[in-house]
Amino acid sequence: MTLSRRSLLSAAALAGLSAGAFTAADARPVKPTAKTPVTERWGCHELTFTGPDTGNPFIDVDIAADFTNGRSVVRVGGFYDGGGVYRIRFSPPDAGTWRWKTVSNAPALNDQTGAFDAAPPSRDNHGPVRVAHGYHFAYADGTPYAPIGTTCYSWAQQSDARCDQTLATLAASPFNKIRMCVFPNVAAEAIYPFERLGPGDRDWDWTRFNPAYFRRFEDRVARLLAIGVEADIIIYQPYDAKRGFSDMTRAQDERYLRYLIARLSAYRNVWWSFANEFDLIKTKTTDDIDHLFRLIQSEDAHDRLRSIHNLKVLYDNRKPWITHSSVQNGSAVLDDRTAETYRSVWEKPVVFDEVCYEGDIAARWGNLSGEQLLMRFWHGLIGGTYVGHSETFTADKSGPDRSWLGQGGTLLGQSWRRIAFLKQIMAEGPDSGIDPIDKWWERHLGGKEGQYYLRYFGEETPTQWPLSLPKNGLTGGEKFRADIIDTWNMTVTPVDGAFTLAKKDAYDFNDPARPVITLPGKPWMAVRLVRIAA
């Protein structure tokens, strides 16, 4: 299925579209009728058509639709869903009436027209997540979003019962993003993404997708959306090389990506992660990856977030098709300064999606204690970045020995509840997110200059902290309240009275009457300072 590059055109350019698409007259808004379908803004509006079912519709039939609200045109690719059924999915970026017209090389599918009304979004629909404030994220309506992610590579391929269990666990957890693979992992599967030609591991008909496989996957994406969880979709992975799904030719990759985008990008909770540990996929060069990223960027009319995850080789995240950085590096978040360096180099949001996992396996990447994983979250936060979670426990009491990392199910560790506490601390902080303060010096401060400060001590056990704040954003006379936060025991203890700042020297401000804050001499403590009315 080869579709043209997506179009986003002004109304003035409509007359120049190819035959079968809108003309300038077509672009004029129409008054909706009682029969006009309604989809909320940022929802998923689906068009369904009956067309050719002989030959190989996956490669013989092209279908797309142009959607217009009279001001712009968005071209969206469609896909074949088996049994003579074709679908086109569109998520309206604005409220109002949208008209559509199909473009297809199959006469039965070409020049079909219609309209629908995009209603105002429902209460819990804030739109897709976008990059905001340079290094952070927000929903399309401006609501702040801080990714608190977890990884469950193959949960979407598990039984319905196991998936139900995973979704229930997520709904009761702090996690608002999950990393998940499209392709199956090493376990044998009942169904696969392509039709089989024979019994061999690589006996696939690469020109025929298995719609049942992708229907199951999109069901998982839709159910994540229903509970407010972003689906960070891993397009390729290197862990089942014997089946060859990540080793396709360029033409096969292009066909796969177009199919995946057409099926999934209209779900507003979709993020694209090109690969997990991309540098282990030896059949794709940097040129291949760049080419396929450009295709994702051009074909995805909804412009979902895009990243790539590494093992030992870092992809150049400055490239324009990368919206944010997805990093594997456990040592980078052992202090806030190293975490921040990634921001300074790439000048984009940084998510340390893999920092090793809480668990009890022998491998060094899967045996962190809960305290060690939580510490990485806090250091990442002070550095102005975000950190991801997963678990690798072997004794899953809910059933066979399966880890959350591999197949989901239930959470057995101790960190996730403390991550929920951290999430609440973040929600009470600046809407624009936590940024490093005076980052080139030994400050270990995050927050918003002149307004909000966090100091995290990690494994250190100080009995006091000299309150000394860098001068930026301060003039003297500002008052702050202070809290002592026990990040492990999840308590917040207010410090009596207010602190009134005065200039200490050329670089710092403090309260001369109260120069230190007393601490309990335990690990995992933090201090929060919030400005109050003078």
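This is a predicted model: local features need pLDDT of at least 70, side-chain atom pairs count only at pLDDT 80 or more; totals for chains, interfaces and linings use all residues.

Biologist: What makes β28 and β33 a pair?

Modeller: Pairing requires at least two bridges found by DSSP between two strands. β28 and β33 (residues 508-510) have two bridges, in the antiparallel sense. So they meet the cut-off. Strands themselves are DSSP runs (E, at least two residues), numbered from the N terminus; helices are runs of H or I, at least four residues.

Biologist: Why is one side of β28 and of β32 left without a neighbour in the sheet?

Modeller: The open sheet has three strands in the order β28-β33-β32, with antiparallel pairing. β28 (469-470) and β32 (502-503) stand at the edges, each with a single partner strand, so one side of each has no neighbour in the sheet.

Biologist: How many residues of each class are in the lining of the second largest pocket?

Modeller: Eight nonpolar, six polar and four charged. Nonpolar covers Ala, Val, Leu, Ile, Met, Phe, Trp, Tyr, Cys and Pro; charged covers Asp, Glu, Lys and Arg; the others, Gly among them, are polar.

Biologist: And what classes make up the lining of the largest pocket?

Modeller: That lining has 17 nonpolar, eight polar and two charged residues. β10 (136-139), β11 (144-145), α2 (160-171) and α9 (415-427) each supply at least two lining residues.

Terms used. Residues are numbered from 1 along each chain as its sequence is written. Side-chain values use heavy atoms; hydrogens and water are left out.
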